[in-house]
Amino acid sequence: MKPPSFAYARPGSLAEAFDLLERHGEDAKVLAGGQSLIATLNMRLSSPAVLVDVTGIPGLAGIAAAKDKVRIGALTTHRAVERSAEIGATLPLLAQAARHIAHVAIRNVGTFGGSLAMADPAAEWPACCVALDAELVLASRAGERRVKARTFFRGLYETDLKPGELVTAVEIPVPGKDHRASFMELARRVGDYAIVGVAALARAGAGKSGKALTDVRLAYLGVGPTPMLATQAMAAAEGKPAADAAAAAQAALDRDLKPTADLHTSAAAKMHLARVLTGRALAALAA
Amino acid sequence: MEHTLETTITVNGTRVTRRVSARQHLVDFLREELGLTGAHYGCEHGVCGACTVRVDGEIVRGCLMLAVQANGRTVDTIEGLSDSGEIAGLQAAFHRRNALQCGFCTPGMLMAAQDLARTRPDATREEIREHMSGNYCRCTGYHAIVDAVEDALKQSAQTGGKR
Ligand SMILES: Cc1cc2nc3c(=O)[nH]c(=O)nc-3n(C[C@H](O)[C@H](O)[C@H](O)COP(=O)(O)OP(=O)(O)OC[C@H]3O[C@@H](n4cnc5c(N)ncnc54)[C@H](O)[C@@H]3O)c2cc1C
Ligand code: FES
Ligand code: FES
């Protein structure tokens, strides 16, 4: 379908964008890549009076890697993250996850910040940011504030963003040298939203009986209203060699996740698949 | 606030300026303003790939981009790629391998396949399938399309990438 009529503005600075958002309040919608928003306009699920296209604001795109932290500008496309050598070297979790996001033609346009603001519970970047303990940089007329990804996602498509506020960047601490990352998901078709996925990280060090996993982090997508950090499963796996870690995490997982059925997959099947992915991901971390 | 905006886009090498409604999709701009009907609408919400065009050299969904968002940018359509000969090898392979029946999906398929040819000319069959997974075809069952793309990539490798 065609979207209903709206006005369009492309501010050239943050200040101008804040003006527009303030002036139009609830009637305005921020437009970044548009790969979620324009689809919802076309389906007439949303009908804002004004689109504020933020892609003309300088300084909001790009990847800057420092020693212990990587900063990803909100307007950085999924594709730019996928292709970045710096991301490949410092945050392999993101490099692995990128190819699961939609298709190349959508990754060329959709943005990192847009995905976080959208907060789809089956999206890849939110779960990665939770696993990596990323911090979002939010800006509004009142100034800048920082929110941990682990508290930013409030509910289904619901975030801590206030009216008139923009995501401007995400800062991600770089895990240590002996950390490993594994991103896995199951989808009906390459590029579809995940049925279940996991963003896993751990340090793989020498233990008594093979490699022991420490600083284990497991964040799931597609199994709750938000990305889910599985703290019980993480604690259960902590310090154990991979095989034991997997069994312990799998046993603890139903204390973390209470998936609900979607159109194609029952809650029980989702739980089963989450356990299967947990086993595979922890094995990959120790491999 | 403006509901219509003056928009300048370089389409297949030619600069065009029109006053367009903000809600107009890039594909409607191409089809209705310029008569370029190669990019099709299948789903109009990003799922089928029939609307694939290139913006600043990268493939995008023409139904998920507004014409005003393409202001100041370069757009290439199937008509441009066909006329320049850029996809002649792919077109011949689609013909040879019967990779189209009704042809509705074909412009989008060719745009996506050419993107792969440019970025990963050594793609395996599995990688071809993954790359083309964003394009729906309701006729062929995909097998012939994958055959054609594989053929074209092999042939262009043999001829040293020359088309
Ligand atoms: C067919 C299809 C399949 C897809 N599959 C997947 C998938 O498998 N995984 C996945 O993760 N995504 C998927 N997507 C969505 C895609 O990744 C989007 O790019 C992403 O969700 C939103 O980013 P965007 O830049 O396109 O945002 P937009 O569509 O422009 O905006 C999305 C929402 O976020 C708000 N917003 C955007 N940027 C900001 C900002 N900087 N500050 C504040 N608010 C902002 C907008 O107001 C809007 O409400 C798919 C999309 C399609 C069409
Ligand atoms: S018409 Fe654009 S993806 Fe289907
Ligand atoms: S040939 Fe008919 S849709 Fe593909």
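Chain B puts 29 residues into its contact with chain A, and chain A puts in 34 residues, where contact means heavy atoms within 4.5 Å. Keep in mind that this is a predicted model, in which local features need pLDDT of at least 70 and side-chain atom pairs count only at pLDDT 80 or more, while totals for chains, interfaces and linings use all residues. Residues are numbered from 1 along each chain as its sequence is written, chains are lettered from A and ligands numbered from 1 in written order, and side-chain values use heavy atoms, with hydrogens and water left out.

On confidence, chain B has a mean pLDDT of 96, with 98% of its residues at 70 or more; pLDDT is the predictor's confidence in each residue, from 0 to 100. For the complex, the predictor gives an ipTM of 0.96 and a pTM of 0.97.

Back to the interface. Between them, chains A and B bury about 2700 Å², with 56% of that on carbon and sulfur atoms. Buried area here is the accessible area (1.4 Å probe) that two parts lose on being put together, summed over both. Of the area chain B buries against chain A, 25% comes from Met1(B), Arg23(B) and Leu64(B), more than from any other three residues.

Now for the ligand. Residues from both chains A and B surround ligand 1, so the site is shared between chains. The shell counts 33 residues, the closest being Val30(A), Gly34(A), Leu37(A), Thr111(A) and Glu124(A); a residue is in if one of its heavy atoms lies within 4 Å of the ligand. By class, that makes 16 nonpolar, 13 polar (Gly goes here) and four charged residues (Asp, Glu, Lys or Arg).

What do the polar contacts (N or O pairs within 3.5 Å) look like? Gly34(A) has a backbone N or O atom 2.7 Å from an oxygen atom of ligand 1, and Ser36(A) has a polar side-chain atom 2.8 Å from a ligand oxygen. A side-chain N or O atom of Tyr193(A) lies 3.1 Å from a nitrogen atom of ligand 1. The protein covers 93% of the 970 Å² of accessible area that ligand 1 has on its own, computed by the Shrake-Rupley method with a 1.4 Å probe.

Terms used: A polar contact is a pair of N or O atoms within 3.5 Å; within protein, one must be able to donate a hydrogen and the other to accept it, and residues adjacent in sequence count only if both atoms are side-chain atoms.
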